[in-house]
Amino acid sequence: MSDALADGRRFRLLCVIADFSRGGLATVVDTSLSGHRVARELDRIAEMRGFPCMVVSDNGTKLTSNAMLKWQEDRRVEWYYIAPGKPMQNSPVESFNGRLRDECLNEHLCPTLRHARHLIAA
């Protein structure tokens, strides 16, 4: 996901959702999110919960990068990319993203990235 601060600067969000429990495992907020950053966040989650058998995601550039391909190969995690333009194939994440946008992002103007992180974490 992406949104903008009050001054118009864009920021990105990475939402990681457990498919079974539908619980949020992480919501990472930053000005950019590279494949290396996503890999670090997935490793951080795995330290607490273990590695998943499979990850389902869209086919965005950070998720199809060489860093992510190496991450999934090194950790033997199966990866399933939904078909382009078919968000209903990843409905738990799309539902979470929609609620996050409706109940948080559309309701608040954040002056700084720090404020956005705090608000979204809450």
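**Reading pockets, salt bridges and a helix face**

Mentor: Start with R117, which is partly exposed, with a relative accessible area of 37%. Keep in mind that this is a predicted model.

Trainee: What does R117 pair with?

Mentor: Take the general idea before the case. Side chains of opposite charge can pair when their charged atoms come close. Here R117 forms a salt bridge with D30, and the closest N and O atoms are 3.2 Å apart. The two partners sit in distant parts of the chain: D30 belongs to strand β3 (residues 24-30), R117 to helix α4 (residues 113-121), and 87 residues separate them.

Trainee: Is D30 buried or exposed?

Mentor: D30 is buried, because its relative accessible area is 16% and the cut-off for buried is under 20%.

Trainee: How many salt bridges does the structure hold?

Mentor: There are 9 of them. One joins R9 to D7, with 2.9 Å between the closest N and O atoms. R9 is partly exposed, at 48% relative accessible area.

Trainee: Which residues do shared partners join into one network?

Mentor: The network consists of D30, R37, E41, R44 and R117, joined by salt bridges that share partners.

Trainee: Now the pockets. How much space lies in the largest one?

Mentor: Here is the idea. Rolling a probe the size of a water molecule over the atoms shows where empty space is left. In this structure, the largest pocket holds about 840 Å³. Its lining has 35 residues, and those nearest its centre are C15, V16, I17, V55 and V56. Elements giving two or more residues to that lining are β2 (10-17), α1 (35-49), β4 (54-57) and α3 (91-105).

Trainee: Which element gives the largest share, and what classes make up the lining?

Mentor: β2 gives the largest share, 6 residues. By class, 24 lining residues are nonpolar, 5 polar and 6 charged.

Trainee: What lines the second largest pocket?

Mentor: That pocket has a volume of about 190 Å³. I17, R22, P92, S95, F96, R99, L100, E103 and C104 line it. Here α3 provides the largest share, 7 residues. The classes are 5 nonpolar, 1 polar and 3 charged.

Trainee: Last topic: helix α2. Which of its residues are buried?

Mentor: The general idea comes before the case again. An α-helix has 3.6 residues a turn, so residues three or four places apart point the same way. In α2 (residues 66-75), the buried residues include A67, M68, W71 and Q72. They lie on the same side of α2, because they cover an arc of only 130° around the axis.

Trainee: What covers them, and what sits on the face turned away?

Mentor: The cover over these buried residues includes α1 and β5 (78-81). The face turned away from the buried side carries the exposed residues N66, K70 and E73.

Trainee: What follows α2?

Mentor: R76 does, and its phi is positive, near 55°.

Notes. Residues numbered from 1 in each chain as written. Predicted model: local features only at pLDDT ≥ 70, side-chain atom pairs only at ≥ 80, totals over all residues. Heavy atoms only, no water. 1 Å grid on protein atoms, 1.4 Å probe; cavity = no way out; pocket = protein on both sides within 12 Å on 5 of 7 lines; lining within 4 Å. Points joined across faces, edges and corners; volume = space filled by probe spheres on them. Helix = DSSP H or I, 4+ residues; strand = E, 2+ residues; numbered from the N terminus. Nonpolar A, V, L, I, M, F, W, Y, C, P; charged D, E, K, R; others polar. Salt bridge = Lys/Arg side-chain N within 4 Å of Asp/Glu carboxyl O. Buried < 20%, exposed > 50% of the residue type's maximum accessible area, 1.4 Å probe, protein only. Arc of directions from axis to C-beta. Contact = heavy atoms within 4.5 Å.
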